[in-house]
Amino acid sequence: MKDEDYIGKIKEESSKWLYQCVDKVKEKYPERKEKFMTSSGIEIKNIYTPDNIADLNYLNDLGFPGQYPFTRGVQPTMYRGRFWTMRQYAGFGTAEESNARYKYLLSQGQTGLSIAFDLPTQIGYDSDHPMAEGEVGKVGVAVDSLLDMEVLFEGIPLDKVSTSMTINAPAAVLLAMYIVVAEKQGVYLDKLEGTIQNDILKEYIARGTYIFPIEPSLRLTTDIFKYCSEYIPKWNTISISGYHIREAGATAVQEIAFTLANGIEYVNAALKAGLNIDDFAPRLSFFFSAHSDLLEEVAKFRAARRMWARIMKERFNAKNLKSMMLRFHTQTGGSTLTAQQPDNNIVRVALQALAAVLGGTQSLHTNSRDEALALPSEDSVKIALRTQQIIAYESGVCDTPDPLAGSYYVEYLTDQIEDKALQYIKKIDELGGAACAISNGFIQKEIQDSAYRYQKEIEKGERIIVGLNKFKSEEKYHGNLLKVDPQVGEMQKEKLRKLKTQRDNEEVKRRLSELKEAACGQENLMPKIIDAVRVYATLGEICDVLRSVFGEYRENIIL
Amino acid sequence: MKRPIRVLVAKPGLDGHDRGAKVIARAFKDAGMEVIYTGLRQTPEQIVEAAIQEDVDVIALSILSGAHNTLFPKIMNLLKCRGAEDIMVIAGGIIPDEDIPFLKSVGIKEIFTPGTPTSKAVEYVIENVKV
Amino acid sequence: MREVDLENLLLKRDKRAIAKAITMAENGDTKVYEMIKNLYNNTGKAYVIGITGPPGVGKSTLTNEIARFLLKDNNSVGILAVDPTSLFSGGAILGDRVRMSDIALDENIYIRSMGTRGKLGGLAKATRASIHILDIVGMDYIIVETSGVGQSEIDIVKASDTNVMVLSPDMGDDIQAIKSGIMEIGDIFVVNKSDREGADKTAAEINFMLDLNSKSNWRPPVLEVSALYRKGCDTLLYKIKEHRHYLEKTGGLKERRLKNLRWEILEIIIDNLMKDLSEKISQENIDELINTEYAGLTNPYMIAESIYKNLKEGFK
Ligand code: B12
Ligand SMILES: Nc1nc2c(ncn2[C@@H]2O[C@H](COP(=O)(O)OP(=O)(O)O)[C@@H](O)[C@H]2O)c(=O)[nH]1
Ligand SMILES: [Mg+2]
């Protein structure tokens with residue numbers, strides 16, 4: 001098919017077409033723009049033909065779904081077998097309130113839970129810490145001790161749901177609490193399914209809920225890898241996240257480049273800690289964003305899969321196919337959603353969700369129309385969930401895997417994105433790996449530059465956002481907005497006070513000092529943290545012990 | 001004599017959303033201002049102290065985590081205690097319309113919510129700072 | 001604030017007053033020079049440490065560590081951190097303070113970020129005046145962090161008692177390029193980020209260069225430090241004090257300060273001249289002269305000579 005003559009002929013015909021047809025039309029009716037670009041700055045030509053993908057080797061570069069290099073998807077049947085997991089990120093207020101929201105979501109056909117914690121929890125402060133004032137329960141659920149975790153999952157059998165927890169710096173502590181709750185429910189650990197985000201590198205880059213410096217943080221990460229590979233085999237030990245990088249302003253190319261560079265750093269850290277690649281790599285999972293530039297996004301997901309497969313096989317000599325599979329969760333792009341004319345966001349989310357599905361995602365969160373106004377209200381979440389259900393059941397795009405494969409344009413974009421992302425990875429390798437590129441601010445600076453450029457494009461009208469800088473209209477939003485009870489902080493403080501009078505404080509002290517000793521040495525910290533959690537040592541107490549040994553991270557700002 | 005306006009861009013509380021703050025900081029810089037950016041997780045005390053020592057004309061607070069009703073009044077109060085109420089305070093981020101009157105009543109001069117062009121904030125500062 | 005009040009508040013080390021006075025100096029408000037004149041008797045007590053080196057080597061982090069140690073010994077510390085001003089917009093991002101947030105609330109500290117505002121040489125125009133202000137208010141130590149733009153950062157030598165030159169192992173070939181220029185300006189050399197590979201090698205290279213160049217009795221020590229992980233900073237402070245002791249013992253301090261004084265006087269005079277000049281002659285006047293008096297002429301020497309002659313008359 002791809003013989004020289006054939007491509008030559010196409011080349012010839014397309015320049016003829018350009019010259020004879022396109023140029024003539026353009027004289028009379030100029031195109032809308034001088035240059036057409038994707039969000040990552042890839043220039044888009046007037047046409048794509050087999051010539052643009054002449055180098056593509058189907059068997060090597062695409063292969064079949066469920067087969068190396070997994071460009072076309074990680075399972076052989078993809079959504080013909082089972083749809084992706086529909087998983088809305090939620091949590092606010094007290095454990096009781098969030099528990100009620102989870103039960104509601106499960107009753108609406110959601111198939112997995114995704115827990116949002118409040119900021120003090122994510123940064124390892126108890127609700128009564130001075131820094132926590134005004135933040136308790138605001139943007140997620142407040143968890144201070146095992147007590148809160150017990151309430152959070154009350155009536156939700158942990159062997160029946162898969163739970164994703166967005167927790168990073170103190171991931172080990174929250175995982176420990178989950179484990180103890182499971183024990184108390186009588187659920188065996190090998191039955192537990194779910195994910196902890198546990199991706200500290202992107203916290204330094206884009207998300208901001210770091211606690212400890214890079215090195216000790218990576219130790220905690222690998223401790224979790226080790227512990228889970230032994231005891232919780234079905235648990236995803238990390239969700240290496242591009243989502244936050246993208247939302248901080250990165251382009252599609254930067255998103256996957258920096259995410260995979262972080263992935264490489266974690267693999268290196270684990271190998272250095274003595275783990276065997278095929279023991280932990282199958283449990284690495286990923287998390288990406290889906291924006292509105294539909295075809296670029298689909299290409300991005302495909303490129304990421306192919307790149308990771310090759311990195312694992314060629315760079316790390318993985319043998320197990322599962323180690324090479326890039327499985328990912330997707331969230332639609334929050335930063336594309338506007339406060340102006342919020343109902344328009346429903347349409348944006350639909351496009352973005354479609355991109356994720358066409359890109360072969362394993363699970364999906366769709367944002368709500370009130371994204372730029374407040375935490376999502378129950379009504380808005382329902383529409384967002386329905387959007388996924390409509391794509392799944394009505395659109396027909398799920399009936400064959402990777403339906404856009406073979407499109408000249410999509411394959412070309414896939415190649416381009418891969419090339420550009422590989423250039424970044426090479427640059428980061430030269431800088432000494434992701435950890436170095438973070439500590440000297442390289443990655444952050446690249447992202448900030450993109451964010452600033454994006455903002456300027458909007459302000460100059462070079463990038464149109466409907467309802468924001470074109471087709472504007474003054475209208476008030478009619479939906480209800482979620483309000484978080486301002487009393488949560490006081491309630492949590494009171495709970496803590498009570499807890500501290502009721503638990504065995506001697507035992508807590510003993511467990512904490514054992515943890516400290518372990519932290520000073522080399523042993524795996526997971527068992528010590530579980531012991532501390534079990535006797536109701538608080539999250540803040542545990543993190544303080546670790547702070548005293550590890551110190552704290554200070555951000556690197558280069559504007 | 002024309003002098004650069006000095007602005008402290010600050011992120012109070014535990015909020016990690018810094019995309020907007022960094023964009024605003026750069027826009028101020030490009031408009032010829034001297035911008036002091038102190039990074040995430042600043043307490044009201046740290047913000048006020050920095051503003052005083054740096055003798056800024058403007059404190060520009062950015063917050064998206066919803067803690068504004070707690071943190072902003074504290075900052076305004078500290079400024080008053082230190083006799084520095086002449087420093088203009090503006091803010092931006094995710095701030096519900098219904099909270100704005102209260103925040104203005106404690107002394108925040110203007111609030112810029114999502115979708116505001118940075119040029120608007122720049123103009124506002126230039127118009128309202130006596131150089 | 002009225003000037004008298006400001007003077008009184010300065011003597012009480014009121015931070016707002018210090019800030020206002022430095023702002024006046026930055027903006028070229030001449031009232032501040034009057035004030036410094038009035039209060040000049042209070043100066044001379046502070047010891048000035050310069051921290052210089054390329055961007056990103058860890059100057060701010062190191063400044064923070066030195067200040068922390070000084071505070072622990074009950075010293076008061078003033079910090080002036082200079083960052084480059086953009087030539088295009090005249091704006092600047094002043095980011096050094098980020099690294100100093102854990103000391104910023106201490107009662108005995110004052111930290112000020114300054115943009116270079118067009119001045120070359122690593123300091124801002126108002127840095128010297130600000131040093132005097134911090135001296136007047138009674139700071140025991142003043143640390144000046146230079147803007148870190150490169151090799152031409154020599155002004156700090158003319159404003160400090162001890163100058164610390166900071167380098168790092170990850171500078172690669174850059175070190176070769178700057179080495180020649182910097183060897184004379186460091187009283188102490190720090191190889192920061194010694195937690196990274198290659199610090200030994202960098203230190204050895206510097207030592208080698210120093211052995212070649214060393215002229216005075218003070219052979220600058222080369223220290224391996226990790227400011228981030230708080231290693232070696234106590235030794236650095238010890239060396240700074242040793243250098244101070246050396247200078248005091250040998251009379252070098254007096255000599256150095258005298259030399260700095262000469263520089264400063266010269267600079268003030270040049271500054272005043274420039275100001276007068278710019279009042280008397282601007283781009284527009286020159287254009288006007290070219291169009292009228294010297295119409296038809298293009299010889300720059302002739303025109304300049306003639307204008308200069310007239311100016312000199314004006315100064316008399
Ligand atoms: C991007 C984003 C993120 C990124 C942040 C990346 C980064 N480094 O900044 C990521 C993905 C990491 C993230 C994480 C979280 N996020 Co978020 N995020 C957003 C999102 C989608 C866009 C914000 C943004 O950057 N927009 C682009 C910038 C340029 O705009 P901006 O910040 O609004 O700034 C503009 C104006 O507001 C104004 N402005 C802002 N500040 C200032 C200051 C001054 C002085 C001036 C003059 C102007 C000004 O000017 C700017 C230019 O127009 C918003 C929703 C939305 N669409 O707004 C949610 C949102 C802010 N996030 C939210 C939440 C809950 C979170 C989490 C806390 C979730 C959790 N429980 O874990 C986490 C944790 C973050 C943390 N550490 O604090 C909520 C906050 C809810 C609330 N306040 O009630 C929101 C509103 C989403 C939602 N509806 O649930 N998020
Ligand atoms: N590894 C390491 N990094 C450091 C050290 N000192 C500073 N840094 C980092 O280097 C970067 C620049 O530091 P900064 O003090 O701002 O440098 P400056 O530009 O010279 O003032 C920051 O990310 C610091 O955290 C150190 O001793 N070791
Ligand atoms: Mg610095």
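Residues are numbered from 1 along each chain as its sequence is written, and chains are lettered from A and ligands numbered from 1 in the order in which they are written. In this predicted model local features need pLDDT of at least 70 and side-chain atom pairs count only at pLDDT 80 or more, whereas totals for chains, interfaces and linings use all residues; side-chain values use heavy atoms, with hydrogens and water left out.

Ligand 1 lies between chains A and B. It is surrounded by 45 residues, the closest being Glu371(A), Ala374(A), Gly16(B), His17(B) and Thr116(B); a residue is placed in such a shell if one of its heavy atoms lies within 4 Å of the ligand. By class, this shell consists of 23 nonpolar, 16 polar and 6 charged residues, where Ala, Val, Leu, Ile, Met, Phe, Trp, Tyr, Cys and Pro count as nonpolar, Asp, Glu, Lys and Arg as charged, and the others, Gly among them, as polar. Polar contacts are pairs of N or O atoms within 3.5 Å; within protein, one atom must be able to donate a hydrogen and the other to accept it, and residues adjacent in sequence count only if both atoms are side-chain atoms. On the chain B side, an N or O atom in the side chain of Asp15(B) is 3.3 Å from an oxygen atom of the ligand. Elements giving two or more residues to the shell include helix H7 (201–207) of chain A and helix H1 (19–30) of chain B. The most, 4 residues, come from S4(B); helices (H or I, at least four residues) and strands (E, at least two) are DSSP runs numbered from the N terminus.

Ligand 2 lies between chains A and C. Its shell holds 19 residues, with Gly56(C), Lys59(C), Thr61(C), Arg99(C) and Asp195(C) the closest, and divides into 5 nonpolar, 8 polar and 6 charged residues. Helix H4 (residues 59–72) of chain C gives the most to this shell, with 3 residues. An oxygen atom of ligand 2 lies 2.8 Å from a backbone N or O atom of Lys59(C). For Arg99(C), a polar side-chain atom lies 2.6 Å from an oxygen atom of the ligand, and for Ala227(C) the distance from a backbone N or O atom is 2.9 Å. Of the 580 Å² of accessible area that ligand 2 has on its own, the protein covers 90% (Shrake-Rupley method, 1.4 Å probe; for residues, only the protein chains shown count as cover).

The largest nonpolar core has 176 residues, of which Met149(A), Trp308(A) and Phe28(B) touch the most other members. Such a core is a set of buried Ala, Val, Leu, Ile, Met, Phe, Trp, Tyr and Cys residues joined through side-chain atoms within 4.5 Å; buried means under 20% relative accessible area, exposed over 50%, and partly exposed in between (1.4 Å probe, protein chains only). Helix H6 (residues 171–185) of chain A gives the most to this core, with 12 residues. A second, separate core of 33 residues includes Ile22(C) and Leu134(C).

Tyr58(A) is found in helix H2 (residues 58–62) of chain A and is partly exposed, at 31% relative accessible area. Beyond its neighbours within four places in sequence, Tyr58(A) is in contact with Gly63(A), Phe64(A) and Arg72(A), contact being heavy atoms within 4.5 Å.
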